[in-house]
Amino acid sequence: MRTTTVGDLRILLPDLDPDDLDSTSELTGDLSDATVEVASWRGAEFENVSVRSSRISGVDLSESTWQAGALLGCEVARTNFSGATLSGVTIERCAVTGSRFTGARLTDIRLKDVLFEGCRFDYATFTRVTAAGAVAFVDCVLTDATWSSCRLLDTVLRSCQLTRLELDSCQLRGADLRGNPLHDLRATLANLHGVILDEDQLTDITHLAVAELNLTIRKR
């Protein structure tokens with residue numbers, strides 16, 4: 001069993017042995033104990049497809065559609081999900097590194113023991129994405145992304161770019177946002193109820209409060 005710790009969060013990760021994986025370039029049905037490298041599934045449509053205990057690396061999944069199904073115990077590296085639509089997919093015990101989700105649409109996604117590291121989510125849309133267990137974003141780009149009606153309790157974000165990230169009707173109680181600039185967030189304070197911050201972020205929160213309350217600050 002392999003684990004990693006981000007902040008106070010312990011995440012259970014896949015522990016794959018390359019010698020136990022069979023090489024393939026096809027995803028026509030459920031996939032298990034496989035390795036896929038430098039394949040192109042651009043624009044493909046998947047329904048109720050599950051991938052288990054597999055490694056996906058350098059694959060093009062841009063503009064693809066994935067309806068239901070799951071990613072379970074997988075490593076996903078340098079994979080392109082730009083413009084993809086993922087709906088009703090469960091992602092559990094997965095490490096997703098160096099991958100691109102630019103403009104992707106993630107709806108009704110369930111996350112548990114998932115690490116996103118060095119990934120791009122710029123202009124991506126998260127709708128009703130739920131953390132059912134440990135979830136962390138590390139060194140990720142979330143510029144101009146939108147999170148709507150998401151329930152990401154106790155999630156950790158570390159060293160992420162959150163410029164113009166829009167939060168709408170989100171629940172982030174217990175989320176650890178330390179180490180991220182917050183001054184350019186597009187969010188009401190209700191979306192930040194119960195989050196964990198450091199002292200250096202208090203100025204950012206003050207600016208958000210001044211804007212939300214339409215306060216006028218004048219010298220005496």
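How many cavities of 30 Å³ or more does the count come to? The model is predicted, so local features need pLDDT of at least 70 and side-chain atom pairs count only at pLDDT 80 or more, while totals for chains, interfaces and linings use all residues. Residues are numbered from 1 along each chain as its sequence is written, and side-chain values use heavy atoms, with hydrogens and water left out.

1. The count comes to two cavities of 30 Å³ or more. A cavity here is a set of points, on a 1 Å grid over the protein atoms alone, where a 1.4 Å probe fits but cannot get out; lining residues have an atom within 4 Å of a point. Points are joined across faces, edges and corners, and a volume is the space filled by probe spheres set on them.

2. The largest cavity holds about 80 Å³. Its lining includes W66, F81, I91 and F116, and divides into ten nonpolar, no polar and no charged residues. (Nonpolar covers Ala, Val, Leu, Ile, Met, Phe, Trp, Tyr, Cys and Pro; charged covers Asp, Glu, Lys and Arg; the others, Gly among them, are polar.)

3. The second largest cavity holds about 50 Å³. Among its lining residues are W147, L157, L182 and L192, and by class the lining has ten nonpolar, no polar and no charged residues.

4. D204, in helix α1 (residues 202-213), deserves a look. (Helices, H or I of at least four residues, and strands, E of at least two, are DSSP runs numbered from the N terminus.) D204 is buried yet has no salt bridge, and R158, the nearest side chain of opposite charge, is 13 Å away. (Buried means under 20% relative accessible area, exposed over 50%, partly exposed in between, with a 1.4 Å probe and protein chains only; Lys and Arg count as positive, Asp and Glu as negative, with His and the chain ends not counted.) The D204 side chain does reach the backbone nitrogen of L182, at 3.0 Å.

5. The structure holds nine salt bridges, each a side-chain nitrogen of Lys or Arg within 4 Å of a carboxyl oxygen of Asp or Glu. One of them pairs D8 with R178 at 3.9 Å, N to O. D8 lies in the loop between β1 and β2 and R178 in the loop between β21 and β22, so this pair ties together parts 170 residues apart in sequence. D8 is exposed at 70% relative accessibility, whereas R178 is partly exposed at 27%.

Definitions and conventions
1 Å grid on protein atoms, 1.4 Å probe; cavity = no way out; pocket = protein on both sides within 12 Å on 5 of 7 lines; lining within 4 Å. Polar contact = N/O pair within 3.5 Å; in protein donor to acceptor, adjacent residues only side chain to side chain.
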